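Reader: I would like to go through this structure term by term, setting each label against the rule behind it. Could we begin with how the chain is held together?

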Amino acid sequence: MTYSRTRIFSTAILTSALTIGGALQIFGQAGSPRDVVERAAAALGGRERLLAIRTLTIEGYGQLAYQNGGGNVTSSPDAPQKWINVNEYSRVIQLEPLRTRVRQRQVNDFVFAAVSGMRGTTSTQALDGDIAFNIGANGNAGRAGAAAVRTRRMEALAHPVAIVRTALRPSSRLSNRRSEGTRDLVDITIAEGDTLTLAVERGTSLPAWVSWVGPDANLGDVVYRAAFTGYGPVGGILMPSGLNTTIDFRNIVQHKLHVDRQAVDASTDDLAAPPALQATGARGAGRGATAPAAAGQAAGGRAGAAPPPPAPAVNATELAKGIWYLTGSGNSTLFEFADHLTLFEAYGSEANARAMFARARALVPGKPLTEVIVSHHHFDHTGGLRAAVAEGLTIIAQRGNEAFLREVTSRPAKLFPDALGAKPTPIRLKLVDDHLQLKDASMQVDIYRVVANSHMADGLLAYVPRDRLLVQGDLFDASWEIYWWGSSYADNVRHRKLQVERDVPVHGRVLPYAEVQQAIERQIANAEKLCASVADAGLSMRGCPVKRTVID
Ligand SMILES: [Zn+2]
């Protein structure tokens, strides 16, 4: 539709709209929200062609920002980003009703603890209406958590054809047309209640990007913006060859996709959820520490409201007088001082952290919980940070994380409220440079900066001299298959002249130090074996050859 024809057309509509209420909603006018969508539909190949499409197939490869940018060696915005390579990517989108299936192989482009992460893990994730499910290698489907429903719906709509086609539905409400530079923006509220913003380039009328908000345990509300470039003809419509999703946390590129094949109405598998799944309920949802997803719990233009997940069970084991090991989804260690309690780590999620806080208070009812020590800044380890700040707890952290801690705890959570979103609270910080001793008549805990560790440069460990306990996050985990931090653990023990008897980890279980050393040796040998197998295949892998020391 040309500009002048649009104008004539809409003038006529404007006249009749005086008597026919709602006509504007149906047919649009130049400058109306619907006009923006209609122009985009015309540019993509025409309204009728779009409405006739059943499925899109998009294949390629890309990268994913590990932990949404929260898994790097430090929390600095200048720290090099760790990527997960996305290989063998294939997405099928059925447009009406909306169903989608993504198959991909994710390979760490950085070293970590599972062989499968280094070799790559193939997964198939699907969505059919309000049923999210995963398909295993054996072809069996299992229902995914309620949080996955919304995340997968948003990600399926992060494609120009999918979002414009959805916007054309009579059930979609269009509003708030505005301009931003060379683009026209319009909000699209879909039948499920979610609102997305579509930006259309004025010169070409092609969609430039679509954005939406999602919840994050560390970041509160996160704005995702999927940008589309490199449009070309496919099956009578235009499809982009580059898709790039950024988030409003440091403008990190959260997902990149390079398309190398795509098709319209290619024959595909049946995308419907297996009937057996339709009878089963979704597993408990929650704000995952690393996943950019959680169930919507609040009203206000969003869908997918799900019951809050049950509080994680926390077991407590007394390790020594006034010291308890709290095991949940990620473990914390509780120290009883003369007049207060201090917790090492608020791991995983708001739900896990709150369960830990509650257990701590129940163990020692007479003393307030006042402090949380953060081992390091990785997003799984800071998943309970916002909850801790909302409760007014003082955060003890290595100084290198100060700006990061202030940044993430001052982000809003309005659309997806969490504890801190509901009660914005300034963070109280106690910063550690190299050593901080917490000591009173009841307890002494020495907090040291972690040295010689390639996983974290601004981390902390805690040591209890009386009981010779070393409390740590990610220095060692008995369940790791492979170990890449060389002699980091022993280096820290030697550097601080500690007499460690037992290791008290955030991940894993309490072990005698001698067993830790043996396990690390086994894990290093496994890493060496993995590197050898990769070299035998004529390939290379991050971290190979394995380093026995991190610093000399
Ligand atoms: Zn970590």
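Author: Of the contacts in the protein chain with a separation of 6 or more, 61% are between residues 24 or more positions apart, where two residues are in contact if their C-beta atoms, placed from the backbone, lie within 7 Å. This is a predicted model, in which local features need pLDDT of at least 70 and side-chain atom pairs count only at pLDDT 80 or more, while totals for chains, interfaces and linings use all residues. Residues are numbered from 1 along each chain as its sequence is written.

Reader: What pLDDT does the protein chain average, and which stretch from residue 1 stays under 50?

Author: The average pLDDT is 91, and 89% of the residues score at least 70, pLDDT being the predictor's confidence in each residue, from 0 to 100. Residues 1-28 stay under 50, and the model has 23 contacts beyond four places in sequence for them. Residues 282-305 are also below 50, with 84 contacts in the model beyond near neighbours in sequence. Where pLDDT is low, the predicted coordinates should not be read in detail.

Reader: Why is T245 called buried?

Author: A residue is buried if 20 or more other C-beta atoms lie within 10 Å of its own, exposed if 12 or fewer, and partly exposed in between, with C-beta atoms placed from the backbone. T245 has 23 other C-beta atoms within 10 Å and is therefore buried. This residue lies in strand β14 (residues 242-247), and, leaving aside residues up to four places away in sequence, T245 touches A158, Y224, R225, A226, Q254 and H255. The C-alpha atoms of T245 and S211, which are 34 residues apart along the chain, are separated by 8.9 Å.

Reader: And what makes R542 partly exposed?

Author: R542 has 16 other C-beta atoms within 10 Å, so this residue is classed as partly exposed. R542 lies in the segment after α14 (513-536) and touches D109, F110 and V111, not counting residues up to four places away in sequence.

Reader: How do you know that helix α7 is largely enclosed by the rest of the structure?

Author: Eight of the eight residues of α7 (residues 160-167) are buried, so this helix is largely enclosed by the rest of the structure. Among them are P160, I163 and R165. Helix α6 is mostly covered as well, with 12 of its 12 residues buried, including R150, R152, R153 and E155. Over the protein chain, buried residues make up 46% of the 552 residues.

Reader: What span does α6 reach, and how is the expected value defined?

Author: Helix α6 (residues 146-157) has 12 residues and reaches 18 Å from its first C-alpha to its last, close to the 16 Å expected at 1.5 Å a residue; the expected span is 1.5 Å times one less than the number of residues.

Reader: How do you know that β23 and β24 pair, and in which sense?

Author: Two strands pair if DSSP finds at least two bridges between them, and β23 (residues 435-439) and β24 (residues 444-449) have five, in the antiparallel sense. A hairpin through four residues joins β23 to β24, and Q437 stands opposite D446 in β24. These strands belong to an open sheet of six strands in the order β23-β24-β25-β26-β27-β28, with mixed pairing.

Reader: What makes β23 and β28 the edge strands there?

Author: Each of β23 and β28 (511-512) pairs on one side only. Strand β27 (residues 502-505) is joined to β28 by two bridges and runs antiparallel to β28, with P512 as the bridge partner of R502.

Reader: What is the strand order of the open sheet of seven strands?

Author: The order is β16-β17-β18-β19-β20-β21-β22, with mixed pairing. Its edge strands are β16 (315-320) and β22 (428-432), each pairing on one side only. Strands β19 (residues 341-344) and β20 (residues 369-373) pair in the parallel sense over four bridges, and the bridge partner of F344 in β20 is I373.
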